[in-house]
Amino acid sequence: MVKGAMKETVEGGEEKVYTSKLKRREMMDQRVSKALVRLFRYHPINEFEPFLESIVLKLNEYDFFMPRDLLFLADDMKLLTSYHVLCNYGVDRAMIGKIYTDAAEICSFGENELASKLRALEDLEFSKTSVIKLLVSTPIILTRDPNAEFKILQWLDDIGIQRDWIGQFLSASKSYNWRKMVKVPQFFSELGFNKEHIGKVIRKNPDFLLDGSGRAPFTVVTAMLKAGSGKKDLFNLFLDFPDVSAMNFTRNLQKGILLLAEIGVSEEDIKNFAASHASLLGSAPVKKANSILTNLSVGKARLCKIIMNEPRQLMQYTVGSKLSRLECNRDETSLKEKVKFLKSIGFVEGSVDMNKALKVFRGKGDELQDWYDFLVKTGLDPKDVVHMIKVAPHVLNQKINLHESKISFLVNETGYQLRALVGFPSYLSFTVDRTRARFLMYDWLRERGLATPNLSLSTLLACSGKNFVKYFVEKHDRGS
């Protein structure tokens, strides 16, 4: 019909009348207009369809709202009126579709009825902005008694929180069951919190009320109970709850516990750790055990030891953090072995003698034990060996075969008894060549009556070469 109206017809000599292109165009427009009027007269547009599309309803959603016997919006004044009331109140048109979908009864409210319900919400001390958020998130509240729905407000009053405070945390993408929220302050009260503490906890964690309409704290409780925590542990946790949502806290806690289990922490130690450091475990997600072990280049035992000794180190292993390879801890292990050895032979941990020995020891703990055992096997009393180590701990830094040659020289070539070592253990620090040279000179002088017999080892060996020449060599004309 419209296409036919757009065709230009020529009859007889009338073509000469429309020589102007402008006049021909005007004539064509008039014909098109008449054709469209005729089309819509017999095939009218259903006004509800574009209206419902404009409030962001999808085809499968607005089919429910399409009247079967109406074509014009003016024929459904209640729907149109509710739409105007909501728009004039400040509700975004794109959100009205969600309101109608969640609470279809609102479409049938008259102007006065809907306006009075909005005022009823404001009378509960909600601001206009908060009322709009309430409408979009939970439209069903307009069909119910607000005083019965919002019993949580009385709790907010009791714990010192303004009613409209909660409005800033509402989300249009979520729905809330306001009746269930009263379980949250009741739970905290039963846990032992006073009103001041409850207010502090909820201000810091509004998700405790809003996330799952009050289910959030109970997911935390369930996770903590599984980890072996008690009522006191829960009290301390909620009083110092980390700055994360309850859902994320639970996930982080589970990941932390899994990490501890995978690196070999016992079940009992995991329970104790979770009870003492729950806030830390739940504050951030940690990497998987294999990732941490690989990046740090450590074994499970060492990682376990690091975490158990310094729990806050866990925060260095969170997802997204960069890990660097740890230095080998051989020095630390060696130190412990040395301490263990010294304690086994009678040293007191932290004493002056132990600190002195640790500063000069270069060997490993098991090597020190071998040197000690060798000296005892030579015939020295264990107590004398301990005394020698206290006086001259550096003597244990040499290899056993060197000690053997020095002791053999002392006993077999100088005529001194083995016990002479107790008085001067530093003898073992001198080379055999140095010792032999001095004893040859000493023996030569002693044979000629120029030296005191049975001098101590320290007298012969401890002095410098210059002093030895002065006091022993130069004493005889032939010595120099």
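This is a predicted model: local features need pLDDT of at least 70, side-chain atom pairs count only at pLDDT 80 or more; totals for chains, interfaces and linings use all residues.
Q: Which residues form a positive surface patch with Arg38?
A: Look for Arg31, Lys34 and Arg41; together with Arg38 they make up a positive surface patch.

Q: Where is lysine 288 found?
A: Lysine 288 sits in the loop between helix 18 (278–283) and helix 19 (289–296). With 69% relative accessibility, lysine 288 is exposed, because the cut-off for that word is over 50%.

Q: How many residues apart in sequence are lysine 288 and lysine 255?
A: They are 33 residues apart along the chain, while their C-alpha atoms are 7.9 Å apart in space.

Q: Now for charged pairs. How many salt bridges does the structure hold?
A: There are 10 salt bridges. To spot one, check whether a side-chain nitrogen of Lys or Arg comes within 4 Å of a carboxyl oxygen of Asp or Glu. Take aspartate 102 and lysine 98: their closest N and O atoms are 3.1 Å apart. Both partners are partly exposed, aspartate 102 at 41% and lysine 98 at 27%.

Q: Why are aspartate 102 and lysine 98 separated by about one helical turn?
A: Because they are 4 residues apart in helix 6, which runs over residues 93–102.

Q: Which residues are linked in a network of salt bridges?
A: That network links Arg144, Glu149 and Arg179. Glutamate 149 pairs with arginine 144, with the closest N and O atoms 3.6 Å apart, and with arginine 179 at 2.7 Å, N to O. Arginine 179 is in the loop between helix 10 (152–158) and helix 11 (183–191), whereas glutamate 149 is in helix 9 (residues 146–149), so this pair ties together parts 30 residues apart in sequence.

Q: Is glutamate 149 buried or exposed?
A: Glutamate 149 is buried, at 2% relative accessibility. Its two partners are partly exposed: arginine 144 has 40% and arginine 179 has 47%.

Q: What about cysteines: how many disulfides are there?
A: A disulfide is a covalent bond joining the sulfur atoms of two cysteines. Here the count is 0.

Q: Is cysteine 304 buried or exposed?
A: Cysteine 304 is buried, at 17% relative accessibility. Cysteine 463 counts as buried too, at 18%.

Terms used
Residues are numbered from 1 along each chain as its sequence is written. Side-chain values use heavy atoms; hydrogens and water are left out. A disulfide is a pair of cysteine sulfur atoms within 2.5 Å. Buried means under 20% relative accessible area, exposed over 50%, partly exposed in between (1.4 Å probe, protein chains only). Patches are made of residues with over 30% relative accessible area and no salt bridge: like charges are joined within 9 Å, nonpolar side chains (Val, Leu, Ile, Met, Phe, Trp, Tyr) within 5 Å. Accessible areas come from the Shrake-Rupley method with a 1.4 Å probe; for residues, only the protein chains shown count as cover. Lys and Arg count as positive and Asp and Glu as negative; His and the chain ends are not counted. The place of a charge is taken as NZ of Lys, CZ of Arg, CG of Asp or CD of Glu. Helices (H or I, at least four residues) and strands (E, at least two) are DSSP runs, numbered from the N terminus.
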